[in-house]
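Subject: A structure for you to look at

Hi there,

Here is the structure I promised to pass on. Please open it and have a look around before reading my notes below.

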There are 2 protein chains.
Amino acid sequence: MYRLEQAEGGITLADGFFADGINIGLKESGENDLGYIHSDTLCDVASVFTKNKFSAACIKHFKQKGDFKTNFVLVNSKNANALTGKEGIDDIEEILSNLPKDMINPVMSSTGVIGVRLPKEKIITGLKKFDFYKKNSTECAKAIMTTDSTHKEIAYKVTLEDGSSFKIGGIAKGAGMIDPAMATMLCFITTDADIPKEDMEEILKETVEVTFNAISVDGDTSTNDTVLLLSNRKSKAYDKHAFIEALYKIMLYLAKEIVRDGEGANKLVSFSITGAKSDAQAKKAAKALSNSLLVKTAVFGEDPNWGRIASTIGSCGIEADEEKLSISFDDVLVYDKGNILFDEENEAKAAEVMKKKEFSIKCDLGIGDGTFVAYSCDLSYEYIKINADYRT
Amino acid sequence: MYRLEQAEGGITLADGFFADGINIGLKESGENDLGYIHSDTLCDVASVFTKNKFSAACIKHFKQKGDFKTNFVLVNSKNANALTGKEGIDDIEEILSNLPKDMINPVMSSTGVIGVRLPKEKIITGLKKFDFYKKNSTECAKAIMTTDSTHKEIAYKVTLEDGSSFKIGGIAKGAGMIDPAMATMLCFITTDADIPKEDMEEILKETVEVTFNAISVDGDTSTNDTVLLLSNRKSKAYDKHAFIEALYKIMLYLAKEIVRDGEGANKLVSFSITGAKSDAQAKKAAKALSNSLLVKTAVFGEDPNWGRIASTIGSCGIEADEEKLSISFDDVLVYDKGNILFDEENEAKAAEVMKKKEFSIKCDLGIGDGTFVAYSCDLSYEYIKINADYRT
């Protein structure tokens, strides 16, 4: 047995981790735009990156290193350093060469506008302002925000049966361009758990699948998506089940926070598919619903338009049969295996469900055992406003 | 050689075709909601339907007939007769049994809200008001409108080298839920060309691919998409090339009209992909662009955000290389094989292009010979307004 307790401190809760964020003039508002994560000993690293063919320079720079240990990650917002060619990678190397010599194999992670070279001089000047032994997780979380309205941060202390314990914390950013492979989101997790490298890789990949890869704001996939897990193994404590549970809780929380903070979003909807032919088919249906403009605008309008839900399932390319399909809004069943249960009373009940800030749209396909839950938000006027002039 | 002349008359231009539309109280506004297409002799029929698994009752009813000739199509709006089970098909049969006995193998085509039984009595009463020998193509085009702001109709007279001629005309509806397989769009084409049945099937399918299957308003695919081609072969004239050209012109015009009339749309954008590894990969990229919320909101905001265009190409799963990619807005090149040509002057020029009502976003992948053009519109506040409370 083990015990999980939520705790303050974000990515600096784990022993030996430091972080901070400052403004160096990239954001005219004066809000944080440059941050770091630093460990006083070397860390193992596990990573999951965007599948976008035009991955940003920071991702290419990271991948060039092959298998490596590091104790330093530099982060910035306002500029994605993507589509910037070889020069983009050279810029990173020049910037990182200005760090103190005890930063080993430093890497960088960027988010912001695509296709503009990094403001190198500003960043190099900015680096000199840092004290690299701060425990300011929240300031670092703020430094990676773009259209996010709030920073996203959480941490857990895990106590094992023998009384030993380890800590794990995470920060994330993301508010749009979210899907289907963790788009424009950054997430950094730090832990002092004594976790073997192979467990890190395996557990991170599996957890990304059911958390960050299960969310959608607008169906777009960015050039910069990054999830990094850093472990300095300082605690000497580890339990695989406990670690999986803690990491899942952290990443699901951060993923849901991203959806809740989706550009212009007012509601968090889970699309829960059961009875599909396979988990893969369930995922396809859940993702199709979570990306459908018609479904998302109906959610915004609080309109229990179950026909659009059925239509989206019918068109997403999975096995489906209208005589076996059921659709509910939370527990209000509106379509049951070919029977339309949408009288005035039931419609009013379903409309009540949709007025909530959080609810589920549940579809049982009645065919097999496949299940998946995807998370998404409504599509509002505000989304368009934000994205019609993002660069300005 | 042959000559194409655009002509008035829509689907009643061809010899022996009649059509009309009236209001029977389905639309409270008093606008047309029931219409017919009638030929005074039997027609060969070619059809392309939605790939949605939950195809509407009218499509199931049609398909049950197998290979057949008909001289009558009944159309209605406000109710899709989809997800209505066996009863939905029974309703159609009962309605059509009330037609005069000289309507042979009549079929029906519906569009509107999903999951509500047809108002059978109203329709049967409505049928009695029709004179089945009217040449009111426009009234019929209006009877299939849902959120469309205007009816869509066009016709051509084709004169062959020997002086013989045939006629062909079409009507369509559709303004949202358009993609990727002709979603919520209906299109009816009538011709008196002496076209062999096998040509009808082949030419219709191929033309749908590059017209209705190349447009997108919101990436959703409906339960009711239908394209019907009816030929009564009255003219005894036919030339395959001329027919292909005329049908392509008609269907491309109607498809573009649908995009132009996209819910809340202000602009018609063509996404022209060249240099892809294959036509299939070009299509994938063009469709991804035409469905991207971020691209569509940038179009609405008249923001030449080429980074989003590149990012969408990079994430759509085709072969791509940022050192080979070029991006232009009409003829303003902003990214050229790894070089960012986005200085103040060029950005201003690109922004000028985006102010136009119609323009092209051109991407050359620099890899192979694959090409495809997709058509889409911007995503505006108005789209959300229309779709947030469609049913009310």
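Predicted model: local features only at pLDDT ≥ 70, side-chain atom pairs only at ≥ 80, totals over all residues.

Let's begin with chain A. Its residues fall into domain 1 (2-255) and domain 2 (268-388). The C-alpha centres of these two domains of chain A are 33 Å apart.

Where they meet, helix 1 of chain A brings A57(A), C58(A), K60(A) and H61(A), while helix 2 of chain A brings G88(A), I89(A) and I92(A).

Now over to chain B. How many of the eight residues of helix 8 (residues 293-300) of chain B are buried? Eight of the eight are, so helix 8 of chain B is largely enclosed by the rest of the structure. Among them are L293(B), K296(B) and F300(B). Just after this helix, E302(B) has a positive phi of about 55°.

Finally, the largest nonpolar core contains 241 residues, and A285(A) is one of those with the most contacts inside it. Beyond its neighbours within four places in sequence, A285(A) touches I273(A), A276(A), I313(A), C316(A), I318(A) and C363(A). In soluble globular proteins, nonpolar side chains tend to be buried together.

Enjoy exploring!

Best wishes

Key: Residues numbered from 1 in each chain as written. Chains lettered and ligands numbered in written order. Domains from an automatic or database assignment. Buried ≥ 20, exposed ≤ 12 C-beta atoms within 10 Å, placed from the backbone. Helix = DSSP H or I, 4+ residues; strand = E, 2+ residues; numbered from the N terminus. Core = buried A, V, L, I, M, F, W, Y, C linked by C-beta atoms within 7 Å. Contact = placed C-beta atoms within 7 Å.
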